Amino acid sequence: MNIKIIGRKCTPRESFKTRAEEKLKKVEKFFGPDATAKITASVEKNIKSCEITLSRKNMIFRAEERSDDLEEALDKCVDSLIRQIRKNKTRLEKKLRDVSFDEVLASGIEEEETDFDIVRSKTVSMKPESVEEAILQMNMLGHQFYMFRNSETNDICVVYRRKDGGYGLMEPEFE
């Protein structure tokens, strides 16, 4: 697994880097050696946060955790990623045929729910809006995200509220 460690407002120690490599070996069983992991460690005031983004074959898993200790945040992040993988085991198995999930699960990770129960379906009007209008509409509805047609690009986009209080914009990338 290709691991890239980045520090924001801090410089991660060698012990952190070593621990990250050891922890990600658990996840490497699922993705194989050609996966990429990007770890971002950051410090804001007294809170340390760790963000891990794993990618392989157009699949992306992301986890972010905060703690008083950077290594504790790393541990929580890896645990969160393993929970995500466990939850989506069936779908992952279809995409990653070269890894036997039954062998990996037998080595200590239990299986969780594999069926998704859709409890509500909704239709939305896709009138062209600017990003600012979409954020305003999202806030008026009290939602965490809002899907809209971008009036500048005519693409379907999503704006969302981030944990840090800011906003994010998701735009499609066509390959």
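A residue is called buried when its relative accessible area is under 20%, exposed when that value is over 50%, and partly exposed in between. By this criterion Phe-148, at 0% relative accessibility, counts as buried. The model under discussion is a predicted one, and the values that follow are to be read accordingly.

The overall architecture comes first. The protein chain contains five helices and eight strands, and their order along the sequence is β-α-β-β-β-α-α-α-β-α-β-β-β. Of its 175 residues, 32% count as buried. When contacts between residues at least 6 apart in sequence are considered, 40% of them join residues at least 24 apart.

The packing of two helices may be taken next. Two packed helices are described by the angle between their axes and the distance between the axes. Helix 1, which spans residues 14-31, packs against helix 2, which spans residues 70-87, at an angle of about 5 degrees, and the two axes are 10 Å apart. Angles under 35 degrees count as roughly parallel, and helix 1 and helix 2 are therefore roughly parallel to each other. From helix 1, the residues taking part in the contact are Ser-15, Phe-16, Arg-19, Ala-20, Lys-23, Leu-24, Lys-26, Val-27, Phe-30 and Phe-31, and they meet Leu-70, Glu-71, Leu-74, Asp-75, Val-78, Ile-82 and Ile-85 of helix 2. By class, this contact is made up of eleven nonpolar, one polar and five charged residues.

Asp-75 belongs to helix 2. With a relative accessible area of 17%, Asp-75 is buried, because the limit for that class is under 20%. Once residues up to four places away in sequence are set aside, Asp-75 touches Arg-19 and Lys-23.

The discussion now turns to helix 5. Which residues of helix 5 are buried? In this helix, which covers residues 131-141, they are Ala-134, Ile-135 and Met-138. Viewed down the axis of helix 5, these buried residues fall within an arc of 100 degrees, so they line one face of the helix. An α-helix has 3.6 residues a turn, so residues three or four places apart point the same way. On the other side of helix 5, Glu-132, Leu-136 and Met-140 are exposed. The cover over the buried residues of helix 5 includes strand 5 (128-129), strand 6 (145-150), strand 7 (156-161) and strand 8 (167-170). Helix 5 is followed by Gly-142, which has a positive phi near 75 degrees.

Ala-134 illustrates the buried face of this helix in detail. Ala-134 lies in helix 5 and, at 0% relative accessibility, counts as buried. Apart from neighbours within four places in sequence, Ala-134 is in contact with Glu-129, Tyr-146, Phe-148 and Val-159. Ala-134 and Phe-145 are eleven residues apart in sequence, and their C-alpha atoms are 9.4 Å apart in space.

The structure holds one aromatic pair. This pair is formed by Tyr-146 and Phe-148 and is stacked, with 6.5 Å from centre to centre and 15 degrees between the planes. Tyr-146 counts as buried at 14% relative accessibility, and Phe-148 counts as buried at 0%.

The loops complete the account. In the loop between strand 6 and strand 7 lies Thr-153, which is partly exposed with a relative accessible area of 39%. Thr-153 and Pro-128 are 25 residues apart in sequence but 9.4 Å apart in space, C-alpha to C-alpha. Asn-154 is also placed in the loop between strand 6 and strand 7. Asn-154 is partly exposed, with a relative accessible area of 47%, and its phi is near 65 degrees, a positive value in a residue other than glycine. Lys-9 likewise has a positive phi without being a glycine, here near 60 degrees. Lys-9 is located in the loop between strand 1 (2-8) and helix 1, and at 73% relative accessibility Lys-9 counts as exposed.

Key. Residues numbered from 1 in each chain as written. Predicted model: local features only at pLDDT ≥ 70, side-chain atom pairs only at ≥ 80, totals over all residues. Heavy atoms only, no water. Buried < 20%, exposed > 50% of the residue type's maximum accessible area, 1.4 Å probe, protein only. Helix = DSSP H or I, 4+ residues; strand = E, 2+ residues; numbered from the N terminus. Arc of directions from axis to C-beta. Contact = heavy atoms within 4.5 Å. Axes fitted to C-alpha atoms, helices over the stretch in contact; angles between N-to-C directions. Parallel < 35°, antiparallel > 145°, perpendicular 65-115°, else oblique. Nonpolar A, V, L, I, M, F, W, Y, C, P; charged D, E, K, R; others polar. Phe/Tyr/Trp six-rings, centres within 6.5 Å; stacked < 30°, edge-to-face > 60°.
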